[in-house]
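Let's take a walk through this one together, starting with confidence and then moving on to a sheet and the nonpolar cores. Keep the viewer open as you read.

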Amino acid sequence: MSEVKNIHQPKADNQTEDKSKTEKLDTNYWRSFKDLFRDTSLIEASNHEFGDGVKDDFEPSKLSGISRRKFLALVGASAALAGAGCSDYRSKGDIIPYNKMPEEITVGKANYYASTSTACSHGCGVLIKTREGRPIKVDGNPDHPVSKGKTCAKCQASILSLYDPERLKFPMRKSRNGGFLKSTWQHVDDEIINALNKIGNKQIAFVSQRIISPTGKKVLDDFVKQYPNTKIYSYELFDEQIRNSAWQKCYGINKFPLISWDKAKVILGLETDFLGTDGNKVETSRLYTQGREVNNLKKFNRLYVAESTLSVTGMNSDYRFRLRPDAQFEFVMCLLNEINKNGISVPGSLPLGGYSLKSFAGKYSLSLKNLKQLVKDLASAKGESVIYAGRTLPENVHIAVNLLNEALGNTALYRTDSIDVDVLPLLKHEEIKELVNDMNAGNVGMIIHYDSNPVFHFPDDLGYKDALKKVPVVVSITGSQNDSSELGNYTLPLSHDFESWGDAKTRTGFYSFQQPVIDPIFSTRQKEAILLTWLKGKPVVFDEMVYHKYLMNNWQNNLYPTFNTKMTFTEFWNAGLHDGIAILEEEPDSFGSFNSSALSELQNAVKASSKYIVVLRESYQAGDGKFLNNGWLLELPHPVSKITWDNYAAVSHNTAKDLGIKSNDMIAIRVGDRKLEIPAFIQPGTADKTITIELGFGRKVVGIVGTGVGFNANVLRSKSAGISPWIYLANNVSKSGSSYHLVATMEHHMFGEALTKDAAQKRKIIQEGTVKEYQKDAHFLNTENPVKMESLYNPHEYPGVKWGMAVDLNKCVGCGDCVVACNAENNIPIVGKDQVAVSREMQWLRVDRYYSGSIDDPVTSNQIMLCQQCDNAPCENVCPVAATTHSPDGLNQMIYNRCVGTRYCSNNCPYKVRRFNFFNYRDHFKDNYQQSHLLSLVYNPEVTVRSRGVMEKCTFCIQRIMEARSNAIEEHRPLKGSDVRTACQDACNTEAIKFGDMNDKDSEFYKKYRTHELGYYVLEDVNTRPNVTYIAKLRNIESEEV
Amino acid sequence: MRKSLLDYILKVRLPITLFVIIASFTITYFASRAEDNGVGYSPVQPINFSHKLHAGQMRIDCQYCHTGVERSRNAMVPAVSTCMNCHTIAKKDSPEIKKLRNYYYSNIALPWVRVHKVPDFVYFNHSVHVNSGIKCESCHGDVRQMTRITQVHSFSMSDCLNCHRHAKEELPYIKDVKNGPDNCFACHR
């Protein structure tokens, strides 16, 4: 009934309702403070097509003359041209076929190989796409039980590291004067074997990051057997130890269980970024968004987040509380008290009376109404809610959270089918101190940095760096020179994951396999093979297959028998390599019942301080610093702040006022006797007196891309943890006087909204509602009847397939994985910080982040923005050379070889999704970095590499469409919408991006997404008729309006 | 009236000069048309391979060697190992086969000289054409009669489009032939 009523509403009614709605929604959307306060410079800037400083580059006096290389290239080219002109036919080059045809290769067709990514220690399953034997793209392995065909940005970008021209190419040893000299494997192997044999009773220490390979661990075990003085120290910059040890105290096993996020109705996240960096985000975000299905409102979850500064998880929350991390304990205790008052019994006999939610809300100026709503929701969703504390919080918070979950019966949501597995448990933080003591006492004869960077990762005051000087032999096995390897005697080049054999065990229930997809490009070896060579105890000729054979032997003798399969070993092994995984029936360790003795730690009330507090978080871009030489990741705008190529200290508006600073001002932070100067950035939604900094930046020894990127906040960490190893109270924070230039993309490519205040809302760029509103009236957005406007042009005809996309904003978490996938698929160049500063980033796909509401407690909306492939495309009309035209399958074609670079199209594009090559970025960025022969191997051969002066934009992955079309013709069947998946769609962890044929009215894509009642077009009022539908975000909040 | 020098230049010299320039451009354009678009190009190959012998007289199917045509964008020039399927036994002592065997056993790249080529920004796809029933000779000429491979048709954009737009006239041998796509993304991306 309501449906009919709505559609046929008289026009006048419609208008009044619109008006009242506008009054109700006094929230306006803004991207930055300049935007919010209508800064005149921003209005001025958005009137111009290009940013400040664009002309500076063309100052002729600043241009360098022709370099020697260019001159020679020109001479060569003109000679070649002259030569070609003189012959009667132009030479077309050679065709060089294979000498002996590899059986699996068809030239022009990609092969996919299943493997395991070790970009981080989650070991996601990947399918590596190779063309003519070279890997060009990483996709997820759909058979993998955890990652289920999805990958994160780091995994996507790890292929760039394979072709990093600054990879180590040969072994090196330190000369007497301190520099590194090229050496040979034979030479360094001999010397190290010699040193090992003479080690006597001194210790051999391996310093490694998390080891996930069972066979890799066996190699280490063999090493320990042969050299019994060996000790293995494994660590991670961020680990789960606090969460696990709290769990052990409460439930008896040292492993926090997995959570059924998909079954949770109410989720409370405390200082955790489970959709970003805390845990396996590929799996968690998939499960979480299964509870964000607009077509299944009964299952719709509600997310509460209490955190210090806005994270990806915070951006997706329905209710968010700004809270400094040392107040989290009191917060959980208040919640325990409240639910106790609500008649839910809390195990143990804790003195909860002293914790009052009301005074807590007053103290931290939180909305008491929302807190009461939280308590009500938790009490009513007994057994169906999850309270999850971040891994950086201290142990007492975790124990209190375990208690709260226990009291609410949420243990039902702890998964019992599977659990994380440690092949080799990480070291306790204290044990690393013992290593340093041993080193200082001269008891350590050899240190092996086993693909790790402890000098950068360990707290400075641990003294690891100085202690290294007392170790006679320091060997670093690493992919590229890093802060630790530089201080050693030997640097041994490590093969990339894609050049290595291996296996991985991260969870019960399956093993996954790693196979090389390319021979080692340089004289590198994988770390296990290096050890196996040393284990021979005497100089031997290196066997390329040594670890492959070892791995197969270990599987045949030790692991294969546990599978109880009818397959022979060869069948089993080949099936395992083909699928990338082997499924095993396995019972995970079960946890016991709640142990009340753990509660003794909660007896003492921990009061929050009122001092400045420093929170260290994991970086979205650089990981733990491993990816600091990866341009794709560094140029990926930070999901929240949109800052690229840097880290920063996020502070709140009020804190900035107290300190007398603005964004970009340097602040000096003093924690104990440790000091850091870092630029501040005013991040809306940050708790007052809280300073949040991401780790992983500011490495001293790194390649040309990562040099000078960010600040090393690790220096603030201490061996004696503050509130936790990642949270410290600051002695003093002050303005340091100087300033810095942080580059953010948040104000780039703004919609032309200078003339209308709050354009994002008025022009319906962002449309959203609440679950209640939607339940009451499914058509509340009234988007089904687009305003019919006449066009001057005849409409295009779409006889066959018409491509369209739908983006479910309920599922988009704003992480940016799609951006990196698009970079990899479409040969998009890195432009560098100086070019991003003048709005010249080349990414075809951007994630627009809007805030609304107050500066202190903003509500965040994310929207991916890419070429909308308009039916009435404004870009097409203005191109003077017809380089951008319309195709019969609904695409705006951009033809590079025809483009002369007038940029009219970009000027006329209302969505600002076109990108212009102001330079040949392959040549321009960091002195030819991207033009190196090695890095050129990463390019997708099906996509043109664009040069200077050419406009480019999203093509809906035309190369994938054409491949699907070619396959359909080969199979003599019509092309279907479901045949094509775009690169961003493949990467999207949450399946927020749907792609298909809009003319196929029976397809799921058309029925479920394209014609959804929440679907809307951006800037519908300009009558561009876009082919990207956005499904409006529903917020699961109590009130009806956003 | 005295004829001025200017008059002479304008009336005689200039038209003659212009005529010579235009005529020479026109003649060069038409005379070198074939060279320009490659028609008639028949370079000497490192091994004197005869399509006339293999495809013509012995009637070996095109796809025995060019295995990619039905499956891939590239038709694929066969690997040396494909030749060696027969030539490990057949005509072992002929001087050309000796060259071939040398390439194979010394593992040296065999640099065939490329005859047919479209520019780098054209993504021509063999498999869609062959799978639509277009015969190889429609583009490559009657290879069965060629002792040395020669380009017989021009591969310019207008030649591609001519067939895409007038398929019925150009490809009468295919029943119910449909025109090919003539949008840009069909070939460029």
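Chain B comes out with an average pLDDT of 90, and 99% of its residues score at least 70. Keep in mind that this is a predicted model. For the complex, the predictor gives an ipTM of 0.87 and a pTM of 0.89.

Now turn to chain A and look for an open sheet of three strands, whose order is β1-β31-β32, with antiparallel pairing. Two of these strands, β1 (29-30) and β32 (858-865) of chain A, sit at the edges with a single partner strand each, so one side of each has no neighbour in the sheet. As a reminder, strands of a sheet pair through backbone hydrogen bonds, either parallel or antiparallel. Here, β31 of chain A, residues 846-853, runs antiparallel to β32(A), and the two are joined over eight bridges.

Next, the inside. Nonpolar side chains tend to be buried together in soluble globular proteins. The largest nonpolar core has 224 residues, and the members touching the most others are Ala400(A), Val614(A) and Val807(A). Helix α12 of chain A (residues 328-341) supplies the largest share of this core, eight residues.

So who surrounds Val614(A)? Leaving out residues up to four places away in sequence, Val614(A) touches Ile669(A), Val671(A), Ile691(A), Ile693(A), Leu716(A), Tyr728(A) and Ala730(A).

Key:
Residues numbered from 1 in each chain as written. Chains lettered and ligands numbered in written order. Predicted model: local features only at pLDDT ≥ 70, side-chain atom pairs only at ≥ 80, totals over all residues. Pairing = 2+ DSSP bridges. Helix = DSSP H or I, 4+ residues; strand = E, 2+ residues; numbered from the N terminus. Core = buried A, V, L, I, M, F, W, Y, C linked by C-beta atoms within 7 Å. Buried ≥ 20, exposed ≤ 12 C-beta atoms within 10 Å, placed from the backbone. Contact = placed C-beta atoms within 7 Å. pLDDT = per-residue confidence, 0-100.
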